[in-house]
Amino acid sequence: MLRLWRGLSAADSAEGPEMRRSAKITLTAAALVGGAAAWWRGHPSACPYGQRFWIEAPHPFIGRRRLRDALAPRPGETVLEVGPGTGYYSADIARRLEPGGVLHVFDVQQPMLDHTMRRADELGVRNLEPRRGDARQLPYDDASFDAAYLVAVLGEVPDQDAALRELSRVLKPAGRLVVGELAGDPHMVTARALRQRGERAGLGWERRVGPPFGYFGVLAKPAVASHQQPTRHTARRDR
Ligand SMILES: C[S@@+](CC[C@H](N)C(=O)[O-])C[C@H]1O[C@@H](n2cnc3c(N)ncnc32)[C@H](O)[C@@H]1O
């Protein structure tokens, strides 16, 4: 910024016009990128399959090992992953549910699900169950899952409160929810906002794993269901 300022001020000096032009171009580009990020943030939408290169890149601070620490998957458990994208985490978690456990992968885009299933198959992991739909209305019965997780997804959902209510509903009592978020993602949800939204949905905040700019938030459903818990005894299955 200081260099840019100097660039603009240098217009009055001998090097003037050239430096001023490049400073203006840089400032315009920065304004465009900032404007696009602000627009995107205000208009949540799913990352299109055609732009999957964003999610195929390494996931600094929110890697697989850290997710395992936060989620603590155990053999025999039934776990839900919302928004697997191209399956960066899926096979690794599914493997840890064996023997006997299943990872349900749920995404609004069929090509993402197909990609995830192909990737798991190539790795010889078969205990995944795909289903397409919108996180705001999960097609699963109440208390179906021991745990659920979603990484870089919540901010893409137009109604985050509805998604968290649904996740709370489908978790078993004492079920855990892990939400991963990373700075740089225009849809990032801060740990503070996540905690507040989770509590509104009946999920207690347990801890943050990782730094504030790249973290997994761990929440849990109370062991005994309270009268405030969202309930829907039978979910519609055809969405
Ligand atoms: C940015 S990608 C993250 C993928 C993966 N979790 C990762 O970290 O590599 C977001 C994923 O969430 C899915 N998604 C977005 N909105 C959704 C919604 N309302 N319901 C279900 N899935 C959604 C997108 O289709 C996409 O696969």
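## Ground rules and overall fold

Residues are numbered from 1 along each chain as its sequence is written. Because the model is predicted, local features need pLDDT of at least 70 and side-chain atom pairs count only at pLDDT 80 or more, while totals for chains, interfaces and linings use all residues.

The chain has eight helices and seven strands, taken as DSSP runs (helices H or I, at least four residues; strands E, at least two) numbered from the N terminus. Of its 239 residues, 34% count as buried, meaning that 20 or more other C-beta atoms, placed from the backbone, lie within 10 Å of the residue's own.

## The nonpolar core

The largest nonpolar core holds 52 residues, and Ala148 and Val178 have the most contacts inside it. Such a core is a set of buried Ala, Val, Leu, Ile, Met, Phe, Trp, Tyr and Cys residues joined through C-beta atoms within 7 Å. Strand β4 gives the largest share of this core, six residues.

Leaving aside residues up to four places away in sequence, Ala148 touches Val79, Leu80, Val82, Leu167, Leu171 and Leu177; contact means C-beta atoms, placed from the backbone, within 7 Å.

## Helix α7

Helix α7 (residues 160-170) is largely enclosed by the rest of the structure, because nine of its 11 residues are buried. Among them are Gln160, Arg165, Glu166 and Arg169. The buried residues of α7 pack against β1 (78-82), β4 (145-151), β5 (171-182) and α8 (191-200).

Conventions
A residue is buried if 20 or more other C-beta atoms lie within 10 Å of its own, exposed if 12 or fewer, and partly exposed in between; C-beta atoms are placed from the backbone. Two residues are in contact if their C-beta atoms, placed from the backbone, lie within 7 Å.
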